[in-house]
Amino acid sequence: MTIEGKYKLEKSENFDAFLDKLGVGFMVKTAAKTLKPTLEVEVAGDTYTLRSLSTFKNTEIKFKLGEEFEEDRADGKKVKTVVNKEGDNKLVQTQFGDKEVKIIREFNGDDVVVTASVDGVTSVRSYKRI
């Protein structure tokens with residue numbers, strides 16, 4: 001299964017509570033809740049690139065599986081991050097900083113389900129291939 005491609009956000013559940021728990025400010029949170037970002041996934045050899053593109057803010061991470069790297073999290077904090085692959089279709093990202101955040105991206109054909117958890121609060125966002 002190929003995970004590469006572009007995916008558009010279709011549905012978001014509990015994202016507001018997730019952002020609250022993360023400590024995201026009111027203005028950024030308000031903007032983030034209204035956006036329908038595009039997730040872009042590229043794989044070149046053993047290097048993965050994940051981009052979240054929107055009219056408000058774009059983010060990008062480049063990584064090799066199992067190798068820790070520094071990430072500028074979407075809320076502006078610098079964190080240490082590691083991404084591992086589970087099976088053929090799941091990327092599990094863990095961010096270590098002021099709070100530990102786990103982001104699981106599960107690819108199923110033309111759908112991606114992104115489950116993000118912090119301090120017992122979980123958000124589920126569903127994307128469709130475009």
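# Strand Pairing and Aromatic Rings

Modeller: In strand β3, Thr 49 is the bridge partner of Glu 42. The model is predicted, with local features requiring pLDDT of at least 70 and side-chain atom pairs pLDDT 80 or more, while totals for chains, interfaces and linings use all residues. Residues are numbered from 1 along each chain as its sequence is written, and side-chain values use heavy atoms, leaving out hydrogens and water.

Biologist: What makes β2 and β3 a pair of strands?

Modeller: Strands are DSSP runs of E with at least two residues, helices are runs of H or I with at least four, and both are numbered from the N terminus. Two strands pair if DSSP finds at least two bridges between them. β2 and β3 have seven bridges, in the antiparallel sense, and therefore meet that requirement. Two residues lie between them in their hairpin, where Gly 45 takes a positive phi near 65 degrees.

Biologist: Why are β4 and β5 said to stand at the edges?

Modeller: The open sheet has 10 strands in the order β4-β3-β2-β1-β10-β9-β8-β7-β6-β5, with antiparallel pairing. β4 and β5 (69-72) each have a single partner strand, so one side of each is left without a neighbour in the sheet.

Biologist: Why is the pair of Tyr 48 and Phe 63 called stacked?

Modeller: Rings of Phe, Tyr and Trp (its six-membered ring) pair if their centres lie within 6.5 Å; planes under 30 degrees apart count as stacked, over 60 as edge-to-face and the rest as tilted. The centres of Tyr 48 and Phe 63 are 5.4 Å apart and their planes are at 5 degrees, so the pair is stacked. Tyr 48 lies in β3 (residues 47-53) and Phe 63 in β4 (residues 59-64), so the pair ties together parts 15 residues apart in sequence. Tyr 48, Phe 63 and Phe 69 form one aromatic cluster.

Biologist: Are Tyr 48 and Phe 63 buried or exposed?

Modeller: Buried means under 20% relative accessible area, exposed over 50%, and partly exposed in between (1.4 Å probe, protein chains only). Tyr 48, at 8%, counts as buried, and Phe 63, at 3%, is buried too.

Biologist: What makes Phe 15 and Phe 18 a stacked pair?

Modeller: Their centres are 6.3 Å apart and their planes make 15 degrees; these values are within 6.5 Å and under 30 degrees, so the pair is stacked. The two residues are three apart in helix α1 (residues 15-22), which means that about one helical turn separates them. Both Phe 15 and Phe 18 are buried.

Biologist: How do you know that Arg 125 lies over the face of Phe 15?

Modeller: A charge sits over a ring if NZ of Lys or CZ of Arg is within 6 Å of the ring centre and within 35 degrees of the ring normal. Arg 125 lies over the face of Phe 15 at 3.7 Å from the ring centre.

Biologist: Which residues does Phe 18 touch?

Modeller: Contact means heavy atoms within 4.5 Å. Not counting residues up to four places away in sequence, the residues that Phe 18 touches include Val 101, Ala 116 and Val 121.
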